[in-house]
Each structure stands twice: as structure tokens, then as C-alpha cells.
Amino acid sequence: MPNIYRARELGSPGQTMKFAGMWFLCALVLLERLSGTLAAFGDDISQDNEDNRFAVMGQVTKDTFDVQSGNVTLQLNVQDTVGTMDFWLLDFQEYRFNLDALPVDESTGMLMKDRTSACSNVYEDANWTTFFNDSYIQNAGRGSLATKSLFTQIQRGEVNSDGIMRNNKLVFQGDMATFTNCKDSSDEEFIWEMTAVTTDEIEYRTKLYATNIRPKDPQDPLGGISFVQSHIELIWRISRSVMAKFLISSTALIRPILEFARVSAVYDDQGRAVPTQSALHIRFRTVVDEDDQMVSYENNSITYIPENVNHGLNTVLYQPVGTLDASPPWYFVLDEGTQTQRQCQQTWEFKMILDIDASTQVDNRVPIDASGTFEFLYMPYRCGLVNLTTLNLTTCVAMSVGPAKISALITIQATVFVQDEEDDQVTIILHSLTGASNEDLSYGTGSRGVAHKEYVELRVKFSPALLRKDYDLYLLLFMVCKGEEYASGEFLQGCLQAPSTDRYIAHLDASFNYIPRITDENGTVVLLDPYNTSHVQNDYVQNLDQQEYLRTESGETLAIPVHRSTFYNVALSAESDIYTITVVFRLVEAPGRKRRAALPHMQDIVLAKSVVGHAGIGRTTGTIITRHSRDVEDSVQDTHANKIPFLSLGCPEEATHVLEELDCKCPAGMMYDLNSFNCEAASILEDVKEVKNDDQVSDPKETASAEHSACSVLLIVLANSLIFLLLKN
């Protein structure tokens with residue numbers, strides 16, 4: 001009833017609308033005021049404090065968070081307000097982590113070292129007049145800071161020209177293990193929290209809390225303190241890919257063919273991913289020349305020879321049983337050449353855990369290769385045939401004195417991303433680059449190089465993996481150019497900076513518009529000159545054979561969705577040289593996506609005031625500000641590129657390069673062979689072509705028609721012969 005009468009008092013509907021509008025305007029004003037409270041760290045928040053004690057306050061900002069050659073650098077700029085009693089507490093736990101043991105003791109006013117974590121910037125107990133004094137922060141090195149585990153240097157800075165702020169530096173330099181071993185003040189929980197794990201990617205996050213502490217009464221250590229707290233969210237992410245550089249046999253009797261090599265995360269007993277290990281799954285086929293031959297794995301014969309002694313084979317999870325009876329099933333196929341010889345094929349699988357220690361060679365955002373050679377021993381046998389599909393194992397006889405060796409050079413490529421949340425961005429990563437016979441052609445150890453007129457398949461993925469369920473990659477540009485330098489940091493736009501005579505386009509989308517973005521040494525994002533279709537309209541075009549984004553393949557869901565492009569490599573010069581592929585993508589919403597991706601933020605407290613401990617006196621009050629202006633979702637709207645080098649073999653020695661056609665012309669009497677990728681005698685190639693044509697299986701209807709015609713002709717000939725004999729008699 002009171003509500004009804006109240007509505008009547010408001011009068012007409014027009015008056016009600018005016019009243020509602022007035023309240024709406026008031027709400028907007030209130031929202032605007034509140035937005036100031038939740039503004040960037042360091043903004044004036046004096047409206048929250050009657051005595052205006054935080055009206056002038058500096059900021060804590062990140063100068064550097066990076067890793068180079070395995071050495072991590074975290075440098076913070078800490079602004080001290082000159083002439084003001086304040087202290088910046090830098091810690092990986094909130095000021096209120098333990099309400100019964102706050103960093104500044106309410107009963108004494110003392111700053112207590114052991115009430116902060118082992119990785120904070122509080123190195124000693126200090127009384128009220130000491131730590132609130134402008135002179136408290138002085139230059140200090142590792143030795144003076146040894147009571148805590150992380151920060152290695154304090155640099156007392158100069159006062160700004162306005163005389164208000166002094167810019168001090170707080171620095172950590174050391175290995176990542178030191179950082180990841182930090183725990184909270186209870187020595188129970190690690191400060192780094194695993195926030196996302198996929199088949200190929202592990203992500204950890206931590207919050208560095210910056211708390212500005214000031215006395216309520218500068219003359220009274222027991223009068224309590226006020227604080228303002230914000231945080232910087234740091235991310236450590238590692239993404240891995242695996243590449244099989246080659247698979248060879250020590251004997252011509254056995255030909256190995258790689259089916260796949262896959263890498264995935266390893267977990268400890270508590271379900272946490274182990275960043276220093278990788279699970280590897282390899283599957284390949286063995287092919288022997290004749291249908292009465294097979295091979296058997298030699299029991300426990302797998303060995304691993306790493307290029308870096310810090311890597312190693314930790315555990316073999318699965319390998320075949322090394323007996324004839326336990327050998328995998330065989331099947332018979334016709335040879336790939338003349339399609340006349342039956343060959344025996346068998347499929348083999350191995351699963352293992354590798355120790356991967358790249359701590360001494362990691363550079364931020366730079367792929368690092370951890371390569372090693374696996375060796376497997378196999379004994380070839382000749383066996384009697386029971387029938388066309390079955391071998392008699394009781395009759396098998398070894399074909400050599402000792403076993404043959406199959407060797408596989410496997411590279412696990414790891415990319416480490418070290419950044420804060422506001423610098424996080426989408427990154428395009430090489431998944432594989434393969435050519436004929438599924439050979440890995442990525443640049444580096446063991447690559448044979450890409451031949452002229454060879455079909456090459458490029459697969460890329462994107463990071464962070466947590467966005468893959470919501471977004472697909474859409475290809476805007478695929479360009480190939482001559483020169484390794486275009487894959488370096490010197491040419492940030494890749495092949496787009498190469499002369500048009502040294503490059504060709506394999507794909508150009510009509511909507512191509514690329515604005516390269518870089519982060520300078522101050523951590524500021526800088527936009528470079530944009531590129532669009534007008535910049536490449538006169539380039540030579542050699543179209544992709546195919547391109548698509550794959551979530552499934554051969555009826556199976558891919559653990560790692562990839563974008564696949566198949567291009568037809570052509571020679572930009574006669575000589576062998578390093579080429580660069582430049583690809584530009586944008587992210588598009590995946591089919592069926594219904595909502596914004598749930599990013600793996602750590603839990604935030606938006607606002608907390610009047611903090612009172614269980615047995616506390618309640619002299620501490622604080623404001624917690626959520627500072628967040630950008631995250632990786634904002635990066636989704638940008639265009640993203642990658643630069644991938646590979647070795648191009650140029651033209652065969654006998655051939656002449658024709659620049660206008662980007663072709664290799666063989667001399668008279670010779671033709672370019674698309675199997676050997678060399679100039680071969682034309683007569684030989686014609687003979688091979690005729691053999692293949694003769695061996696081709698015709699259409700069943702045509703075959704049936706031919707057989708019917710032949711039968712009819714034969715009957716006519718027989719009938720005529722009988723008539724001739726009858727007439728003769």
C-alpha cells in the first residue's frame with residue numbers, strides 16, 4: 001500500500017518520467033564518481049579519505065619484465081612522494097594476507113619483515129620513524145638484501161624536476177627457478193598459480209601487489225595506518241611444438257615413413273604441469289621391399305642422444321614388445337613407384353617423457369630448439385607365406401647378422417612468453433613445415449631444404465591456447481621472399497619490406513590491412529606504417545594450392561587446431577638461399593561461439609575498507625584498486641604476423657633460372673623431374689611415364705566394356721574358323 005500511495009503522490013505519468021530521468025542522471029553522476037575510485041593506479045583518490053592523505057601519491061610501474069639467455073629481469077619504477085611519510089610495500093600477497101599479523105603492527109607501529117613473503121621488498125624490521133622517512137630507501141646490492149629471496153638491487157633515484165616525486169628502482173635479476181620458488185609468508189603456497197594447461201601450452205600467473213602505506217597521524221605510531229593497494233599481473237607461458245627433422249634407416253632393406261610426432265604436457269602427482277619435461281609420442285611405419293619380409297623390434301633398444309647434455313630421456317612409457325610373435329600386424333601394399341611389387345608394412349609407436357632444460361638459453365618470445373636423435377633397432381626377417389595376406393612366423397629367418405638402426409632427429413621447439421597482463425597479445429607460432437614424403441623442412445639442424453616446384457605444407461597455431469576454443473585463424477597474406485634477414489628483428493614487417501623482385505605472393509585477401517605493432521624498450525606499444533593491398537598489387541602471384549583452418553582431420557578432433565597452407569615453391573634465384581615466409585592473420589569467431597572467452601585471471605578484490613583482524617584493534621583502513629586497462633582479448637582485434645625462414649635449394653646445377661617466370665629451365669634433351677627435383681634425361685622420364693600409364697588401373701566400366709568387346713571379337717573369329725573348316729570338308 002505505501003508504494004501505491006507514493007506513486008500517486010508523484011502525479012502524472014509525465015512527472016513520473018521526469019522523476020525517473022532525474023534519478024538516472026544522479027546514477028550517472030554517481031557512476032562517474034565511482035569510476036574515479038577504480039581508475040588507474042596512482043590517480044587521486046582523496047575523496048575516499050577525509051584527511052586527504054593520498055591526494056598526492058606516486059605510482060609503481062613495470063619498467064622491464066623479460067628473459068634473455070635464461071636470465072630473468074624484473075625492474076620496477078617506484079615513485080616516492082618527497083616530504084611525505086609513506087612507504088611502498090612490494091609483495092606477492094595482499095597486505096591483508098593475515099589479518100592477525102599485518103605487515104605494520106597495529107600495537108607498535110613497527111614494519112615486520114616476517115609478516116611479508118620471502119620475496120617481498122621488506123628486508124628488516126623497522127620502526128615508525130625509520131621506514132616512513134624519505135631517507136630510508138638507499139642503494140643496496142644483493143648482499144644487503146640477502147634476508148629475502150628475490151630482489152637483488154635497490155637504486156635510489158633522482159627527484160623529478162617538479163620536486164614532487166623521486167623515482168627509485170627495485171630490480172630482480174636471476175634465473176626463473178628463483179622466481180618460481182617464491183612462496184607466501186606462511187611458506188605453504190607458491191606465488192605462481194597455474195591458470196591454463198593444454199596439450200602444447202602451460203601458463204602461470206602471479207600478482208605483484210604494490211601497497212602505499214601512510215600513517216593516519218604522523219605523530220602517533222599507535223594511531224593506525226591507511227593504505228592503497230593495486231597490483232600488476234605477471235604471466236609466464238611456455239608453448240611447445242615438435243618437428244621430426246629426418247627418419248632414416250641404416251640399411252636399404254627397411255624404409256621408415258613418419259606418421260606423426262606429438263608433444264604434450266607432463267603432470268606431477270598433484271596434477272600440476274611440469275615445465276621442465278615434455279611427453280613425446282612418435283608413430284612411424286616400416287616398409288620392406290618384398291611380401292615375404294618383415295621386421296621385429298629389438299627389445300628395449302631405444303636410445304636418445306641429445307644435442308644439449310642438459311636434455312635427456314627420463315622415462316619410456318610405451319614401446320613395442322621385442323619378439324616376432326608380438327610384432328604389430330603387417331599389411332601388404334603395392335610399391336609407390338611402378339605399383340607392381342607387393343611390400344610389407346608395419347606401424348610402430350613409442351611414448352616417452354623427456355627432460356627439457358632450456359633455462360640457460362631462453363629468450364623472450366624467441367623459439368628455442370631442443371634437438372636430439374632417437375635410435376631404434378630392428379631385425380629384418382624373411383618368412384614363408386601361408387597365403388597372400390599371411391606370413392608363417394615359424395619359418396622366419398634373420399636376413400642380417402645384426403639389427404638395423406632406424407634414426408629419428410626430433411626437435412622440440414619451445415617459446416617462452418614473459419610479460420604482464422597488459423602486454424599480453426596473440427602470437428602466431430610455427431607448428432610444422434613439411435614437404436615430399438612428409439619430411440620436415442623447417443630451417444635448422446637436419447633440414448634438406450625445399451626444392452624448386454616442391455609442394456610444401458605450412459601449419460601454424462596461435463597462442464595463448466585458451467583463446468582457441470573461441471577463435472579461428474583467417475589468412476590475409478602469404479608471401480615468400482629471398483633473404484634470411486627478413487625473418488630477423490631488423491625487418492619487423494618481414495617480406496613486406498623486401499624488393500618486389502625478390503618476393504612473390506601466394507595468397508592475398510581483399511580485406512588485407514596490416515598494422516605492425518611493436519613494444520619498445522620502455523614497454524610502450526608502437527604502431528608502424530600500415531600495409532594494404534595497394535602495397536603489393538604489382539607482385540608476382542603463385543597461388544596457394546589450398547588453405548584452411550583445421551579443427552578436425554581424417555575424422556578426428558585435433559588436440560591442437562592449426563591453419564594449413566600448401567604452397568608450390570618456386571625459385572627466386574638459381575642459387576641456394578634462405579627464404580622467408582611472411583604470413584598475416586586475423587582472428588575470427590569460431591562457428592557456434594556464444595560468449596566472450598573466460599580469461600584465466602587470478603581472483604580480485606575490488607574494494608575493501610575498514611580492515612579489522614580477528615583480534616585486531618581496527619586501526620588499519622585500506623582501499624584496493626583494480627587497475628586493468630587491457631588484456632589479450634583486446635589483442636584479438638589486431639592483425640598478427642609471423643616470419644618463418646627455410647632453405648630453398650634454387651635450381652639444379654644444369655638448369656638456367658628465368659626470373660620473369662620464376663622457373664628453372666633444363667637444357668635440351670632434359671626435363672625437370674617432380675620426383676627427384678632434378679633435370680633428368682627426357683627419354684628416361686618418357687619411359688617411366690609409359691610404365692606408369694601401363695600400370696594404371698582403368699575405370700571398372702571401361703574394363704568391363706573392353707573385356708566384353710574382346711570376347712565378342714574372339715567369338716566371331718572362332719565362328720568364322722568353324723564355318724571355314726565345315727565348308728572345306
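The legends below describe close-up views of a predicted model.

View 1. The predicted structure holds five disulfides. When the bonded cysteines are counted along the chain, the disulfides follow the pattern 1-2, 3-4, 5-6, 7-8, 9-10. Cys344, by contrast, is in no disulfide, and the nearest cysteine sulfur, which belongs to Cys383, is 8.5 Å away. Because a residue counts as buried under 20% relative accessible area, Cys344, with a value of 1%, is a buried residue.

**View 2. The disulfide between Cys383 and Cys396.** In this link the sulfur atoms of Cys383 and Cys396 are 1.9 Å apart, and the angle about the S-S bond is 110°, which goes with a right-handed link.

**View 3. The disulfide between Cys481 and Cys495.** Here a disulfide joins Cys481 to Cys495, with a distance of 2.1 Å from sulfur to sulfur. The torsion about this S-S bond is about -70°, and the disulfide is therefore left-handed. Cys481 lies in strand β21 (residues 471-482), whereas Cys495 lies in the loop between β21 and β22 (503-508), so the pair ties together parts of the chain that are 14 residues apart in sequence. Cys481 is buried, at 0% relative accessibility, and Cys495 is buried too, at 0%.

**View 4. The disulfide between Cys666 and Cys679.** The sulfur atoms of Cys666 and Cys679 are 2.1 Å apart and form a disulfide, and with -85° about the S-S bond this link is left-handed. Cys666 is found in the loop between β34 (663-665) and β35 (670-673), and Cys679 in strand β36 (residues 678-681), so that the pair, 13 residues apart, links distant parts of the chain. Cys679 is buried, with a relative accessible area of 5%.

**View 5. An open sheet of five strands.** The strands of this open sheet come in the order β27-β22-β21-β30-β32, and their pairing is mixed. At the edges stand β27 (540-541) and β32 (639-648), each of which has a single partner strand, so one side of each is left without a neighbour in the sheet. Strand β21 pairs with strand β30 (residues 577-589) in the antiparallel sense over eleven bridges, and one example is Asp472, whose bridge partner in β30 is Val588.

**View 6. Strand β22 and its two neighbours.** How do β21 and β22 run where bridges join them, parallel or antiparallel? These two strands run antiparallel and are joined by five bridges, with Leu477 standing opposite Leu508 in β22. Strands β22 and β27, on the other hand, run parallel and are joined by two bridges; Ile505 has Val541 as its bridge partner in β27. Five of the six residues of β22 are buried, and so this strand is largely enclosed by the rest of the structure.

**View 7. The second largest pocket.** This pocket has a volume of about 1,100 Å³. Its lining is made up of 39 residues, among which Glu259, Phe260, Ala261, Arg262 and His431 lie nearest the centre of the pocket. Several strands give two or more residues to the lining, including β8 (225-249), β10 (277-288), β19 (427-434) and β29 (556-568), but the largest share, seven residues, comes from β9. Sorted by class, the lining has 18 nonpolar, ten polar and eleven charged residues. Domain 2 (237-417) and domain 3 (425-590 + 632-650) each supply at least three residues of the lining.

**View 8. Phe462 and Ile429.** Phe462 has its place in strand β20 and is buried, with a relative accessible area of 1%. Although Phe462 and Ile429 are 33 residues apart in sequence, their C-alpha atoms are 5.6 Å apart in space.

How values were computed:
Residues numbered from 1 in each chain as written. Predicted model: local features only at pLDDT ≥ 70, side-chain atom pairs only at ≥ 80, totals over all residues. Heavy atoms only, no water. Disulfide = S-S within 2.5 Å. Helix = DSSP H or I, 4+ residues; strand = E, 2+ residues; numbered from the N terminus. Buried < 20%, exposed > 50% of the residue type's maximum accessible area, 1.4 Å probe, protein only. Pairing = 2+ DSSP bridges. 1 Å grid on protein atoms, 1.4 Å probe; cavity = no way out; pocket = protein on both sides within 12 Å on 5 of 7 lines; lining within 4 Å. Points joined across faces, edges and corners; volume = space filled by probe spheres on them. Nonpolar A, V, L, I, M, F, W, Y, C, P; charged D, E, K, R; others polar. Domains from an automatic or database assignment.
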